[in-house]
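This report describes the fold of one protein model for a reader who is new to structural analysis. Please consider the sequence and the structure together.

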Amino acid sequence: MTLTKWVLLCCILALPCAGLGSLLIYLGGPDADSVSDRDGDGLLDAWEQEHFGHLDFSADDDPDLDGVANEAELARGTRPDDASSATVTLFVSRSAGQLSYDGLARQWDGSHGPKPTISTALFSSLSGDTIHVLSGTYLEDVTISGMNVTVTGEGLIKGTP
Ligand SMILES: [Ca+2]
Ligand SMILES: [Ca+2]
C-alpha cells in the first residue's frame with residue numbers, strides 16, 4: 001500500500017489524522033504546487049516563487065514597473081521581474097483562431113492559440129505588442145489610432161484606405 005493510499009484509508013476510517021492533513025497536501029507534490037494559490041491572490045504560488053522568491057506581491061502589483069500588472073504578466077507568459085519582457089506577439093488566424101484563445105500561439109497547443117480576428121487581437125494587446133496575421137482573408141474595419149502596436153502579416157496584404 002502506498003503512503004497516499006494509507007493516508008486516505010486513515011481518513012476514511014476516521015482514525016486520528018492530526019498532522020496528516022498537511023502531509024496529505026504535501027503528497028500532491030509538483031502537480032499540486034503548479035496549480036496552488038495558497039495566499040489566494042489569483043497568482044500561481046510556484047510562479048510567484050520562481051520570479052519573486054516569495055508570495056508577497058498581489059495580482060495588481062507591478063514590481064518591474066513595466067506597466068503590466070502581475071496578473072497580466074502571468075496570463076501573457078511574460079516575466080514579472082523583467083521590464084524588457086512585457087511585450088508579446090499575438091497571432092491571428094481566421095481558420096484556427098477562437099475568441100477564447102489568448103493569441104499567444106500560431107495554433108492551439110493545449111494552452112495557447114490564435115485570435116480569430118485582428119480586432120480581437122488588438123483588444124487583447126498592450127503597448128509595444130506585435131500582432132502577426134496569418135494567411136487568410138480578413139474582412140474587418142480596423143482602426144489603429146493612438147496604439148503602439150505593430151501589425152505584421154504573411155503574404156500579400158490588401159486593404160482600402
Ligand atoms: Ca498565489
Ligand atoms: Ca510588470
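In what order do the strands of the open sheet stand, and is their pairing parallel or antiparallel? The model is predicted, so that local features need pLDDT of at least 70 and side-chain atom pairs count only at pLDDT 80 or more, while totals for chains, interfaces and linings use all residues. Residues are numbered from 1 along each chain as its sequence is written, and chains are lettered from A and ligands numbered from 1 in the order in which they are written.

The open sheet has 3 strands in the order β1-β2-β3, with parallel pairing. Strands are DSSP runs of E with at least two residues, and helices are runs of H or I with at least four, numbered from the N terminus; two strands pair if DSSP finds at least two bridges between them. β1 and β3 are the edge strands, each pairing on one side only. Between β2 and β3 there are 4 bridges, and Thr130 has Thr150 in β3 as its bridge partner.

The largest nonpolar core has 10 residues, among them Leu90, Ala121 and Ile131. Such a core is a set of buried Ala, Val, Leu, Ile, Met, Phe, Trp, Tyr and Cys residues joined through C-beta atoms within 7 Å; buried means 20 or more other C-beta atoms within 10 Å, exposed 12 or fewer, and partly exposed in between, with C-beta atoms placed from the backbone.

Leu65, in the loop between α4 and α5, is exposed because it has 8 C-beta neighbours inside 10 Å.
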